[in-house]
Amino acid sequence: MAHQMTMTKPTGPAAAALIAAGLGTFTIGLMTTLAEASAGFRSSLNFYNPSGPLSGKTGVAVVVWLISWFVLHSMWKTRNPEIGRILTWTLVFIGLGFLLTFPPIFEAFAAE
């Protein structure tokens, strides 16, 4: 009778991708709110004139997403973090990012 050995892959890389996606989403919301709160910050996000500050908001979010994914993947590539906790944090980050892009929310921080 042959001995069967089951090998499972670590869940760390998937957890890193989930958290990074949440952080990227949160960053877009945060950039939207900060751009509304500060005219100087909004103008600093204007990386490309035809799209205005949207280019900076998404550009910063992509950089945060990539860096966080790289760092977390490096830390967790052989580990098995608790997926339930990872999913909870991912949903919290996505929810906050989503909320911060709604006009009633970010307009509350508008610079007068």
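Reader: Hi! What should the 23 residues of α3 span, and how far apart are its end C-alpha atoms?
Author: Hello! At 1.5 Å a residue, α3 should span 33 Å, and its end C-alpha atoms are 32 Å apart, so the two values agree. Keep in mind that this is a predicted model.

Reader: Thanks! Which residues of α3 are buried?
Author: They are Ser 55, Gly 56, Lys 57, Ala 61, Ser 68, Leu 72 and Trp 76.

Reader: And what covers them?
Author: The cover includes α1 and α4, the latter being residues 83-99.

Reader: Let's take α1 then. How do the axes of α1 and α3 cross?
Author: Helix α1 covers residues 12-37 and helix α3 covers residues 54-76. Their axes come within 8 Å and cross at roughly 155°. An angle over 145 degrees counts as roughly antiparallel, so that is how α1 and α3 run relative to each other.

Reader: Is that crossing left-handed or right-handed?
Author: Right-handed, as α1 passes α3. The residues of this contact divide into 18 nonpolar, six polar and one charged.

Reader: Nice. Now α1 and α4: are they roughly parallel or antiparallel?
Author: Roughly parallel. The axes of α1 and α4 come within 7 Å, crossing at roughly 15°. Angles under 35 degrees count as roughly parallel, which is why this pair gets that description. Here α1 passes α4 in a left-handed crossing.

Reader: Which residues make the contact?
Author: On the α1 side, they are Ala 15, Leu 18, Ile 19, Gly 22, Leu 23, Thr 25, Phe 26 and Gly 29. From α4 come Ile 83, Ile 86, Trp 89, Thr 90, Phe 93, Ile 94, Leu 96, Gly 97 and Phe 98.

Reader: How many of those are nonpolar, polar or charged?
Author: The contact of α1 with α4 has 12 nonpolar residues, five polar and no charged.

Reader: Can we zoom in on Thr 27? Is it buried or exposed?
Author: Thr 27, which is found in helix α1, has 8% relative accessibility and therefore counts as buried. The cut-off for buried is under 20%.

Reader: What does Thr 27 touch?
Author: Not counting residues up to four places away in sequence, Thr 27 touches Val 60, Ala 61 and Val 64. Ala 61 is one of the buried residues of α3.

Reader: What about Thr 33, where is that?
Author: Thr 33 is found in helix α1. With a relative accessible area of 7%, Thr 33 is buried. Leaving aside neighbours within four places in sequence, Thr 33 is in contact with Leu 100, Phe 106 and Phe 109.

Reader: Changing topic: where is Ala 110?
Author: Ala 110 is in the segment after α5, and α5 is residues 103-106. The relative accessible area of Ala 110 is 21%, so Ala 110 is partly exposed.

Reader: How far is Ala 110 from Ala 35?
Author: They are 75 residues apart in sequence and 8.5 Å apart in space, C-alpha to C-alpha. Setting aside neighbours within four places in sequence, Ala 110 is in contact with Glu 36 and Ala 37.

Reader: Last one: which helix holds Arg 42, and what does Arg 42 touch?
Author: Arg 42 lies in helix α2, residues 39-44. Not counting residues up to four places away in sequence, Arg 42 touches Ala 35, Glu 36 and Pro 53. Arg 42 is partly exposed, with a relative accessible area of 31%.

Reader: And how far is Arg 42 from Phe 93?
Author: Their C-alpha atoms are separated by 22 Å, and the two residues are 51 residues apart along the chain.

Note on methods. Residues are numbered from 1 along each chain as its sequence is written. This is a predicted model: local features need pLDDT of at least 70, side-chain atom pairs count only at pLDDT 80 or more; totals for chains, interfaces and linings use all residues. Side-chain values use heavy atoms; hydrogens and water are left out. Axes are lines fitted to C-alpha atoms, for helices over the stretch in contact, and angles run from 0 to 180 degrees between N-to-C directions. Helices (H or I, at least four residues) and strands (E, at least two) are DSSP runs, numbered from the N terminus. Angles under 35 degrees count as roughly parallel, over 145 as roughly antiparallel, 65 to 115 as roughly perpendicular and the rest as oblique. A crossing is left-handed if the near helix is turned anticlockwise from the far one by less than a right angle, and right-handed if clockwise. Ala, Val, Leu, Ile, Met, Phe, Trp, Tyr, Cys and Pro count as nonpolar, Asp, Glu, Lys and Arg as charged, and the others, Gly among them, as polar. Buried means under 20% relative accessible area, exposed over 50%, partly exposed in between (1.4 Å probe, protein chains only). Contact means heavy atoms within 4.5 Å. The expected span of a helix is 1.5 Å times one less than its number of residues.
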